[in-house]
Every structure is written in C-alpha cells, then in structure tokens.
Amino acid sequence: MNIFSNYKKLQILFSLTTVLMLFLALSAAVLAMRQKNLLHDLERAHAAKELELMGTLAREALIKRDYSTVEQFLHSWGVDSPDIAALQAVAPTGYSLALYERGGETERSFEISRNIYHSGRRLISLRMVRDLTSLDRRVNRLFLQGGAALVFFM
C-alpha cells in the first residue's frame, strides 16, 4: 500500500510539473509574439521619422527647384539603407522626381507615405517601401535561442 501511495504522489507531482512547463512555454510564446509586434511598430515609427527627415533635408533644394539634387539625395539614401526596398518622390503635379528600387523580392514589407509642405503648399510626396526580412530574421534567431534555452533549463 505504501508503494501505491508514493506512486500516486509522483504522478501528481509529474502532472503539476508538466502543467507548469506548458504554462511557461505558452507564456514565453505570447511574450515573444508581442515583442515581435512591438519591434514591427517601432520599425514603422522609425520609417515615418526617416521620411520626415528626408523631406526636411530635401526642402531647400525643392524650394530652389533643384530637382536633380533631390533625385541624387534620395537615390544615395536608398543605396545607403539596406532595409529600403523602394523610395519614390512625386511632385504635386504628379511627375516622379526620383525613384529608387532595390532589386529582388521582399518577403515581408510595408509602405509608408508622407507629404512635405512649405508655407502651406505641398512640395513633394515621399513614398517608402521598407523591407522587414532582416528584422524578422534577427527576431526569429533570438526566439530560437530563447526556445533552446527554455528547453535546456526545463
């Protein structure tokens, strides 16, 4: 009878430990997904601020109607930023002042647009397509390392 009593206690302990491990794994997965969404939101906010900065820096050339400088500036910005898949500047008349497109397909991306104004009139519309592939790769690597650590410590 004593053997069955110990077996029952071990079974209850094992069940409780299993439930706690599942809760820990589920909590870690939920936190990881929330962190990934937070990083994507931060990337969108960063892209919006980057477009504002581009517009501010291009404003002087646009006021002087130096469209060549704006085109060169936006093209070099796109080349120097590996996460920009496309960058376009359109004049109020609809004429495309600059278009930069990085070759290759993007798995995950988002598009953001901003209008740049001076003295109440629109100078330019900027559109950027931001590639999230490298961010997702880094986040997935981090999740994999965290999952491996979680399994190791269980």
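Student: Let's start with Glu50. Which residues does Glu50 touch, not counting those up to four places away in sequence?

Tutor: Glu50 touches Trp77, Ser81, Ile84, Met128 and Arg130. Keep in mind that this is a predicted model.

Student: Okay. Where is Glu50 found?

Tutor: In helix 1, which covers residues 2–63.

Student: And is Glu50 buried or exposed?

Tutor: Buried. Its relative accessible area is 10%, and the cut-off for calling a residue buried is under 20%.

Student: What about Leu62, where is its place?

Tutor: Leu62 is in helix 1. Leu62 is buried too, with a relative accessible area of 3%.

Student: What is Leu62 in contact with, leaving aside its neighbours within four places in sequence?

Tutor: The contacts of Leu62 are Tyr67, Val70, Leu97, Leu123 and Ile124.

Student: Let's zoom out. What does the secondary structure of the chain come to?

Tutor: There are three helices and four strands. Going along the sequence, the order is α-α-β-β-β-β-α.

Student: And is the chain compact or spread out?

Tutor: More spread out than a compact globule, because its radius of gyration is 26 Å, well over the 15 Å that the globule rule gives for 154 residues. Along its principal axes, the C-alpha trace spans about 95 × 30 × 20 Å.

Student: What percentage of the 154 residues are buried?

Tutor: Buried residues come to 30% of the chain.

Student: And the contacts between residues at least 6 apart in sequence: what share join residues at least 24 apart?

Tutor: That share is 59%.

Student: Which way do strand 1 and strand 4 run, and how many bridges join them?

Tutor: They run antiparallel, with six bridges between them, and strand 4 covers residues 121–131. As an example of the pairing, Ala86 has Val129 of strand 4 as its bridge partner.

Student: How many bridges join strand 1 to strand 2?

Tutor: Five, and those two strands also run antiparallel; strand 2 is residues 96–101. Ala89 has Ala98 of strand 2 as its bridge partner, while Val90 stands opposite Ser96.

Student: What do strand 1 and strand 2 form?

Tutor: A hairpin, with five residues between the two strands. Check Gly94 in the turn: its phi is positive, at about 100°.

Student: Which elements supply at least two residues of the lining of the largest pocket?

Tutor: Strand 1 (84–90) and helix 3 (133–153) each do. Helix 3 gives the largest share of that lining, three residues.

Student: And by class, how many residues of the lining are nonpolar, polar and charged?

Tutor: Seven are charged, five are polar and three are nonpolar.

How values were computed. Residues are numbered from 1 along each chain as its sequence is written. This is a predicted model: local features need pLDDT of at least 70, side-chain atom pairs count only at pLDDT 80 or more; totals for chains, interfaces and linings use all residues. Side-chain values use heavy atoms; hydrogens and water are left out. Ala, Val, Leu, Ile, Met, Phe, Trp, Tyr, Cys and Pro count as nonpolar, Asp, Glu, Lys and Arg as charged, and the others, Gly among them, as polar. Two strands pair if DSSP finds at least two bridges between them. The radius of gyration is taken over C-alpha atoms; the globule rule is 2.2 Å times the number of residues to the power 0.38. Buried means under 20% relative accessible area, exposed over 50%, partly exposed in between (1.4 Å probe, protein chains only). Contact means heavy atoms within 4.5 Å.
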